[in-house]
Structures are given as C-alpha cells and as structure tokens.
Amino acid sequence: MAAMLSDMASDLAGMLRRRLEEDDDDETAGQTRGWIQVFSTLQIAFVIGFVLLLVWEFTRKYKGGNTPVYNGANIAKKRAREENPELDIPVCPERPTHFFGWVTPLRLIDGDKELLGHIGLDAYVVLRYLKFQTITTAFATFMGAVLLIPVYETAEMDLDESFYRITISNLEESSHRFWACAILPWVFFLFAYFRLTQEYENFVQLRHDFITNGFKGGNKQTGYTILVENLPKRLRTPRMLFGYFDYLFPGQVYSTSICMESKKINGLLEVREDVLRHLETLYIFEKQNPDKAPVMISPPYEKNKQIAAAWLGTESTMDKFLRYAKKAFFMGPPKVSKVAYLEGVLDALNGYIQGRQGELLEELGAAEEAMRGVVESRHAAPSESAGKGLHGLAFAGDLKESEVNDEEAVQQALERHLSAGGQIPASEFYSGTAPYEPVHEWDHVSATGFVTFRSFQAKEAATQVLLTNNKSNMQAFAAPEPNDVIWHDIHQPLASTEKNRGIARTASTVLTLFFSIPVAACAAASLEQIERVIPPLEEFSGNYAYTTLGTYLPTIASLVLLMLVPIVFKMSAEKFEFYKSDTAVQAIVFARQYNITLAYVYISLTSGSVFDALADIIDDPVSILSILANTIPGTAAFFMNVVIVKTFQGIAMEMCRIVPFALHWFFSRKGDDALGKRDLLKRDKLSNVEYGTMLPNFMMTALIGYLFEIICPAMSIFAFAYFFLSYLCWKHQFLYVYARKSESGGSFFFPLFDRTIAAMMVGQLTIAGFLFIRLAFWPGIVAVVLPMVTYNLGFQLSAKYQRSAENLSFEKAVYADEMAEPLDFVKFSADTFSQPALKNIKALYPNVKEGGESKTMEYAPLPEDSKNKDEARPISNPILTTDDDAEAPAHDDNSDSGSLRL
C-alpha cells in the first residue's frame, strides 16, 4: 500500500514537473478564469494535500501513536478515569497503523448515543451540521447535474469557453429557460427545510437531556447553578446572597459564593507555577548530572537587593515584586546557586500569596460583618410591622410624610435604627420594603456571584423570571461549567463591560468594511491586471508555472487574511470586552468572523466582476447591470479555487497538525526522565477546539454553495466534496485528537443553523436579482418571493425551538426533580464555583519522582526572623466566625474560599 501511494505521488510530481517545463501556445493560455484556473489550483492543492497526508500517516505513529498531538482526547479520558475510577467515560478503540487505518474506527462508532458519549454535545452539533450540509449539497449536485447543466449546455448563446457553457451566462436575456433557475431554488429549499426541522427537533431532546443529566465525566452541579450579575451592595456577601434566594425559594438553596477582584493574585500564581516548573526540572538535572551541579546564576546586584526586599516584606508594591520575580531566571556569571535562588523566590511567593489571599478573605469577612445584625434569622417570626407599609416599621417612626419616598431619608433612618441595636426582619429586608444599602464601599468585592440550588424548579424559575424591580437590575443566567469560566475576569461589572462591548461592536463593523480593500485586491488580482502594473512580467505570459502560480496565490493570500482576523476578535473579547466564559468568547469570535466571511464572499464576487469588466463599464456606464450579469458567473472559478484549497489542502493540514507535532517533537528530545512533572504537563498540554475559528470556515463554503448552486451548478460538486471530507476529518479529530475542556451543551446550534438560513436567503436574493437583470421578469417574481418565505419559516423554527431548548419548561423541571437521584447532592461542593485564586490557601513546593513515586521537595524556608510574619501567618476564613447566639452555617471542611452552604 505504501509503495503504491509513493508511486502515485511520484507520477503526480513528474506530471507537474513536465507541465512546468512546457509553454502552452494555445490561445487560452493567458486566461486566468475558467477551467484552466480551476485545474491549475486543483493540481497544486491535491499534491500539497497528498504530501501532508503522507507525512501524517508517518508522524501519527510516533511514540506508538500515544501523543497529545494525535491522541489527546483518549489521553484526557484516561487521566479522568485514573483520577476518578467511578467515572464511566468511554475510550475510543486503538487505530490500525496501516495507511488510512484511522477510517476503520470511525465506522464502528456511530449512532447518537454512542457518539455523544465519546465527544459531547458541542462536537456532536458540529458533526450534525456537517452531515446536514453533506446531504443538502449532494441533493444540489444531483439537481444541478441532472437538470441545470443540460439546460445551460443546450442553450441558445453557445459560448466558446466550455466553463461558461455550463453556467447561467449561456442563457439569453428573457429566455424561457430562466424558469428552471426560478423553480429549482424552491425545490432545494423545501428539501433543506425538511432536514432543518429534523435537526431542530432532534437537538431540543438532546439539549434537555444534557441539562438534566450533564455529560459523562462532567459536573452535574452546573445544571443546578446560576450566575447572578448586578448584585446590589446589600447582597454582596455569601450569607446575604444565600438569605435572599432562600427567601425567594425556601429550602431550595444549596450554596452561594461571591466573586472577588483577584487579578494580581492570578499573576502571582502564574509566576509561582513557573518557579515550581523550573525547580522541578533543576532538581532532576542536578541529580542526573552531579558533575554539573549546582547550576549557578547571577542576576544584577540591584535586582537581587530588590527581590530580597520583597522577600522581607519591605517592598509593598506587588506589581514591582511581580516584575522582579519574573526576572529571577536571568542568566549571568556563576555566583549564586539557581536552585537556592529560586527556592527563596518560591518561599517569598508562597508567603506573599497567602498574605494577599488572607487580605481578600478578610475584606469579604468585613463586608459580611457589616451586614450582620441587619436581618434576623430566616426562621424568625414576622415582626408586628410586617405588611403595614413603611410607616409600620420600627425604624420609620421619625420619618415625615414627605420623606416616605425619599431614598436618602430612608437610608438615614435605617442607619439610626441599626446603630441603636435594632434589626430588620428578613421578610422586609429581602422584599425591598426596607431597602438598606451599606454605606462602605469594598474595594475587591464584586457584584457577581454564583448560587447552587437543590432543584431544577428553583434554578429554572430564577433564570426565567424578573427577580427584582429595583434600580440594580439584578440578572440571573445559567452558569457555565467551572472549567469554562474565565476566572480572572469574573469580577468585571456588567455595566462597564457593556460599554466596552458597544465600542468593540463598532470597531468590528469598521474592520469588516475596511477588510474589503485587501480582499478585493486578492479576488480581482488576475494575471492580466498584474502585468499592466508590472510590464516585465508579460514575457512569462503563457508559461505553465507562471499561469498556475498566478491563479493559486491570490486564493491563498485571501484565505491567509481571513485566518488572521479571529486573533484580533479573540483578544478583544478576552482583554477588552471581558466575557466571562470561553464559550462566550468563541461565540463572539464566530459571530464577527461570520460577518467578515459574508463581506469577503460578496466583495470578492462583486469586485472581481467589476475589475474584469471595468473598461466596458467606463465606455457604457448605463449598461453596468447587464455587464455585471455577464461577468459574475466568471467569478465562480475564483470561488471554486477557494473551496478546492480548503478541501484538499485545508483538511489535510488539520489532520497533519504539523506545527503542534514539530513543537512536541522538539521539546521531547530530552526524554521524560529529564523533565519535571510541570514541564511534562506543559509539553503534553492537550489541545481544545476553537469553535469560533472553525465554524466560520464551514459557513464560508456553505455560503459559496448557496450563491452558485444555480449560477454555476458545478460548484455544488466541490462543496459536497468539502463537507463529506470535513465530516470524516472532524469526526476523527473529535474522537481522538481534541480534549474537552468543558461542555456548553450545544450552545452553537442556533447561531450556526440560524446563520445557515440567512446564507440561504443571501443566495436566493442573488439569483432573484440576477433574473431581473437578465430581463426574466416573471421568473424573477417567483424567485424573489422565496427569501420572504425562507425568513418566515426560519423565524418560526427559532421561535418554536430556541427558548424551549435553552431552558427547561417548569413541568419538565418538576419531572426531572422527581426522577433525579437523591445522592447527587452528596457529590456537590460549596467550592465548585469558588475562584481558584482563593482556594488552596497553602504553600506549594516542587514535586519530583524518586523511585517511580512522586515526592514533594520540602526545603528549609527562610529564617523566621527575616520574613514578614504578618504575611506568613496561618489564614482562617473570617466568614465562618459567628456569634454564639447566631445560627452557624454548615460548611465544607476544606472550604476557605468565600463560599457558604447552609
């Protein structure tokens, strides 16, 4: 098999080399539109893709195929099963090592239930979409080959160029054959709508199952948890938040947590991980190479002095300390042991992090203490004033009639009442009758929190109803998976992020418009136009190599530009707009990249046509529409090139993953025994799917297919090949390559399919406009009605299924609670939705292997008299301290992170 594939590759290379050495004297050699352009690109893309697949067939066998580059999904599942043997996570079967042996297990793993168990609902939605597009493009291919191509081929104009003979350009104006172009889009849409309805119905059932049962290996607690934004100041403590939702849903609250601003601690934690990673590898290196030990370094004296000051606690600015710690790896003349130096830095970091964590928890405890005494226990009997209005409250006795609705006067009365030792009944406090707000502003306590309920009924009610009418505009959303949360941005207030997001939306629109300039240049860059700008290139005209590269390179240039844009969108979503989950970031990238893709396709379509016919338009400006109608089908060749490159070259690059493999191979040269535990984890970091970048690639091909399925039916053949091969490729990647970091429950389904319906409308409007330009009035009337029908039916699909898929109905929530296992709550934890920066309040030390077992390297810390004892003191959670006469909350034994469970 290998020999046969090598012979095929040699034959293809030889054929290409012979063609490169020949000059084509045919009169069509200078043309860059049509079949010459398509076949030239097809040859290059096929050869490059074939070589990449050959490379992958060999590289995937590296280390027995058990590398995170090509087997990351199985590695992640095995790690999860080792950590928790009770998890029932299926592992994919081993792939045969012979050529194309990876296809065999793809056939064995099929069916909704089995596939879902392996890859999760997010990836399953993508595969369903690819399958949907494969079926619909196959139908379009059949429709075009059997009906449209014969209609065009036997038309009246009888064009000389064979490429245009099978496009709509071969029909004369007002030809009765345009009726085929008006009726067949209806046939295609009805078939696609039937398939869409099946997809929507299928997804709703799967989504409900995900909400109630989670996914294998996932955290069921997420299904019971909400994210609360815009908390008023009086509810910004775990106890107050618990009390408020317990007032709304008595006995249904399991735990609450308040998010803190912890950006600086997060930076220190990253530095500490780097120090630990270096130390672990250094220990191993010095043990394996005693003749080279100890490794010495010598940072500049001033840096040493400043770092030492930070160790001793005399340097109070954490930002400076962070910079000094990062420069601890500076290499210089051998004066100081690098191990001893980094141990000192680590010891300082441990003390400093513990001190900062303690300060944040003390601040949260102070906020809790400020609210203590404000409300009675939720079990207390209602006061005599309950239900009597504001004047019936004890604290309102000295309020004047004119001050009843004065918020400031009410607050002052509350302050006087509390300072005199009074209390506010819980019913009046939580209902807003006594709207007390603490005066003190806490620097790091945010308006964001998490609430975990004991039932689906309470969780669904909290997310689907208006919680309050007060000006805080408190909102509740279904919580993302803990691994999906971007914890360093979780504290960002919703109001300020909305301002940033508005600015980003405007900037994205401007970028989409300006992006048209380089895209138009790439799309319209024919050899003839380039030769007019650079006359010396004319002497190469007719050379096969020159013609081939001239048709291939513009396609590559435009696709490279598209690959760069998502990087900008992702940085904006994370660093400027502060979206709080990876799924939300990917959704924003997808939406904006889709807009760029839409602009790319339409600008390429129009700009290529305008540039091609620019001289004729200048001579006869009145006939611009007629000229464009004749030239637009010619751009089909350019878009065929785009789909061909994506099919043969893009899919092969995804399978090969040459860059991740090269990096893994480079960092594996030392061997596992020479690397510490953290270095091994960094080297073997598992890859995750970037849905925001991947999905627009599918949408681009779908949009091109919808635009040209009537104008140039041959396009459907290439679109079908792309989606069929993409389905095989991504089914393999989801099963074996990409690990699931988290699961959003198919959150991309509606954005993906709704935009697909919009893409259909774009194609329908294009063909309708084309018919009117070609003076096919009545066929144009029939065609222009279709986008309206498509919009109406698509809107009905979304209205019928989207809300019911995103949330459980109350009756289903009741049923799910009745069917839920009572033991589920035993597995819940109050710390599940606590910030990682406030967990594990303990010093960390390197972990190395000795005799096959992991061992923590505990070394002598700095002398006690040389450290800041305040920062190194044991940390206790002040929230858990209660008065003797107060009801003490039950709390997890290992919880020190500002979470509360009653």
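1. A salt bridge is counted here when a side-chain nitrogen of Lys or Arg lies within 4 Å of a carboxyl oxygen of Asp or Glu, and by this rule the count comes to 16 salt bridges. The model is a predicted one, in which local features need pLDDT of at least 70 and side-chain atom pairs count only at pLDDT 80 or more, whereas totals for chains, interfaces and linings use all residues. Residues are numbered from 1 along each chain as its sequence is written, and side-chain values use heavy atoms, with hydrogens and water left out.

2. One of the salt bridges joins the side chains of E199 and R128, at 3.0 Å from N to O. This pair links distant parts of the chain, since E199 is in helix α7 and R128 is in helix α5 (residues 112-153), 71 residues apart; helices (H or I, at least four residues) are DSSP runs numbered from the N terminus. Both E199 and R128 are buried, where buried means under 20% relative accessible area, exposed over 50%, and partly exposed in between, with a 1.4 Å probe and protein chains only.

3. Another salt bridge, at 2.4 Å from N to O, is formed by the side chains of R678 and E280. R678 lies in helix α25 (residues 677-683) and E280 in helix α9 (residues 263-288), so the pair ties together parts of the chain that are 398 residues apart in sequence. R678 counts as buried at 19% relative accessibility, and E280 is buried as well, with a relative accessible area of 0%.

4. The side chains of R501 and E498 meet in a salt bridge at 3.7 Å, N to O. Being 3 residues apart in helix α16 (residues 494-514), R501 and E498 are separated by about one helical turn. R501 is buried, with a relative accessible area of 9%, whereas E498 counts as partly exposed at 39% relative accessibility. Elsewhere, salt bridges that share partners join E273, E280 and R678 into one network.

5. F210 lies in helix α7 (residues 178-213) and counts as buried at 14% relative accessibility. Leaving aside neighbours within four places in sequence, F210 is in contact (heavy atoms within 4.5 Å) with L121, F215, E743, S744 and G745. F210 and E743 are 533 residues apart in sequence, and their C-alpha atoms are 9.6 Å apart in space.

6. Two backbone positions deserve a look in the model. K63, in the loop between α2 and α3 (68-83), has a positive phi of about 55 degrees although it is not a glycine, and it counts as partly exposed at 39% relative accessibility. F578, in the loop between α19 (544-576) and α20 (582-612), also has a positive phi of about 55 degrees without being a glycine, but F578 is buried, with a relative accessible area of 18%. Most residues other than glycine have a negative phi.

7. The unreviewed UniProt entry places the feature "transmembrane region" at several stretches, including residues 703-728 and 748-770; such annotations may be inferred rather than shown by experiment. Over residues 703-728 the chain is 81% helix and 0% strand, with the end C-alpha atoms 21 Å apart. Over residues 748-770 the chain is 96% helix and 0% strand, and the end C-alpha atoms are 33 Å apart.

8. A search of the whole structure for disulfides, defined as pairs of cysteine sulfur atoms within 2.5 Å, finds 0. Among the cysteines, C181 counts as buried at 0% relative accessibility, and C712 is buried with a relative accessible area of 1%.
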